[in-house]
Amino acid sequence: MNYVEAFGPVPVPAPPGFFRALLVGTFWFHLMAVQLLLGLLVISWARAVVGRGAETGPDRGIRHLPATMAILINLGIPPLLFLQLIYGPVFYTSSILLGSLWMGVIPLLMLAYGGLYLARYSPRRQCVPLYLGTSLFLVLVIAYLFSNNMAWMLRPGDFAAAYQNGASGGHLYPDQAQVFFRWLWVLSPAFALGAAWLEGDRRWAWLTVAAGIAGAAVLQGRGAPGVSGVFFALDYVLLAALAVMLLAVQDSARWRKMVLHWAILKAALIVVIRDQIRQQALAKEGFTLDLLAQSNLLSTTWLPLVLFLLMLAGAIGILGWMWSRGRQGVTL
Ligand code: HEM
């Protein structure tokens, strides 16, 4: 079975590799926003629980949360478009298998977002730990549903059996241990990133090291068949580098700067490894982007592509301009 036999030709107006690059590139930004949100949320919640910042009004982490969530959601849209375009048949089917759980992402997201606004603006400061704790829990659940869907879409050979077991959805990925450690691995940089961003206690970053090692070890063992060990070796090297920074870099400002750069690299590596896992897993089931190219209904039309790239460059330029204006005084 392959793409063509299973789903018929797919209309894609450019070489699939072009969209794959855009998918990987745009997802990198979404992932960094997810990790930042989670880092800010965990640390702000922990601070609120022990009472820091509650009386004096929202601290920096809480003030940044609503805008970070807005940025995260907006940065999720581009990879969603590219994912649907080139992996539509498998991604749609895995979404249908999750069914109501997948549809639940939207209401959960609205509740999580609401909790951040309450923590930021509500005059009832004693409720802040509750608002933040609820949002944190919901964000973790949303991420877990994403991990389930991203793992499910790699097993098209099992779709029919799962559907026959229950056509009304609600099917989590069959190997929950694998999904749990994938989720842990993808989210693990959040602690270090949050601590660096908030100039907080650097010991948070040890959680990144521990969760990163556990997640990578299990994922490599049971969720990444065919993926070169070199990628995971690089992942361990990055985790070891973080441990060295924790032990050896005494100057706090320098440590924070190094960790922020580290987090950008680590997110890039996670994105590349996820892409490798996807390529290898789908190839084993007969789904490759080469076949997609062969089954393509449309030939490449360059003018819209060039216009698209120009607009993308323009939009990135505008975002950069807004960012620099923000740094000059307009706060988030
Ligand atoms: C609080 C909200 C969100 C959280 C915590 C979150 C978290 C995540 C995580 C952890 C993954 C990776 C899962 C894995 O590979 O195991 C992911 C993937 C993804 N997210 Fe989000 N997400 C959120 C909101 C959104 C929204 C609103 C969108 C779209 C508008 C979106 C679009 C995507 C897409 C398209 C992917 C997969 C990209 C790919 O596989 O190449 N996310 N998200």
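Buried residues account for 36% of the 332 residues in the protein chain. The model is a predicted one, and every value below is computed from it. The protein chain has 14 helices and zero strands, and its pattern along the sequence reads α-α-α-α-α-α-α-α-α-α-α-α-α-α. The radius of gyration of the protein chain is 21 Å, close to the 20 Å that the globule rule gives for 332 residues, so the chain is as compact as a globular protein of that length. Taken along the principal axes, the C-alpha atoms fill a box of roughly 65 × 45 × 40 Å.

The contacts can be sorted by how far apart the partners lie in sequence. Of the contacts in the protein chain with a separation of 6 or more, 83% are between residues 24 or more positions apart.

The domain assignment divides the protein chain into domain 1 (3-300) and domain 2 (302-332). Where the two touch, five residues come from domain 1 and four residues from domain 2. The side of domain 1 that touches domain 2 holds three nonpolar, two polar and no charged residues. The centres of domain 1 and domain 2, taken over C-alpha atoms, are separated by 24 Å.

Next comes the interior. In soluble globular proteins, nonpolar side chains tend to be buried together. Here the largest nonpolar core has 85 residues, and those with the most contacts inside it are Leu 37, Leu 41 and Ala 192. Helix α2 supplies the largest share of this core, 17 residues. What does Leu 37 touch, leaving aside its neighbours within four places in sequence? Its contacts are Thr 68, Met 69, Leu 72 and Val 139.

The ligand is surrounded by 24 residues, of which the closest are Gly 76, Leu 80, Phe 146, Ser 147 and Met 150. The elements that give two or more residues to this shell are α2 (16-49), α3 (60-98), α5 (105-121), α6 (128-152) and α8 (176-187). Which of the elements gives the most to the shell around the ligand? That is α3, with seven residues. By class, the shell has 19 nonpolar, three polar and two charged residues.

Ala 119 lies in helix α5 and is buried, because 28 other C-beta atoms lie within 10 Å, where the cut-off for a buried residue is 20 or more. Not counting residues up to four places away in sequence, Ala 119 touches Pro 58, Ile 62, Leu 65, Val 128, Tyr 131 and Leu 132. Asp 290 is 171 residues from Ala 119 in sequence, and the two are 49 Å apart in space, C-alpha to C-alpha. Pro 107 also has its place in helix α5. Is Pro 107 buried or exposed? Pro 107 is exposed, because 10 other C-beta atoms lie within 10 Å, and 12 or fewer makes a residue exposed.

Val 141 is found in helix α6. With 15 C-beta neighbours inside 10 Å, Val 141 counts as partly exposed. Val 141 and Leu 108 are 33 residues apart along the chain, and their C-alpha atoms are separated by 8.4 Å.

Thr 208 is buried, with 28 other C-beta atoms within 10 Å. Leaving aside neighbours within four places in sequence, Thr 208 is in contact with Ser 188, Pro 189, Phe 191, Ala 192 and Leu 242. One of these partners, Ala 192, is also among the residues with the most contacts inside the largest nonpolar core. Leu 184 is 24 residues from Thr 208 in sequence and 9.5 Å from it in space, C-alpha to C-alpha.

The last stop is a loop. Glu 199 lies in the loop between α9 (190-197) and α10 (204-222). Most residues other than glycine have a negative phi. Phi of Glu 199, however, is near 55 degrees, a positive value in a residue other than glycine. Glu 199 is exposed, with 12 other C-beta atoms within 10 Å.

Note on methods:
Residues are numbered from 1 along each chain as its sequence is written. This is a predicted model: local features need pLDDT of at least 70, side-chain atom pairs count only at pLDDT 80 or more; totals for chains, interfaces and linings use all residues. A residue is near a molecule or strand if its C-beta atom, placed from the backbone, lies within 6 Å of it. Helices (H or I, at least four residues) and strands (E, at least two) are DSSP runs, numbered from the N terminus. Ala, Val, Leu, Ile, Met, Phe, Trp, Tyr, Cys and Pro count as nonpolar, Asp, Glu, Lys and Arg as charged, and the others, Gly among them, as polar. Domain bounds come from an automatic or database domain assignment. Two residues are in contact if their C-beta atoms, placed from the backbone, lie within 7 Å. The radius of gyration is taken over C-alpha atoms; the globule rule is 2.2 Å times the number of residues to the power 0.38. A nonpolar core is a set of buried Ala, Val, Leu, Ile, Met, Phe, Trp, Tyr and Cys residues joined through C-beta atoms within 7 Å.
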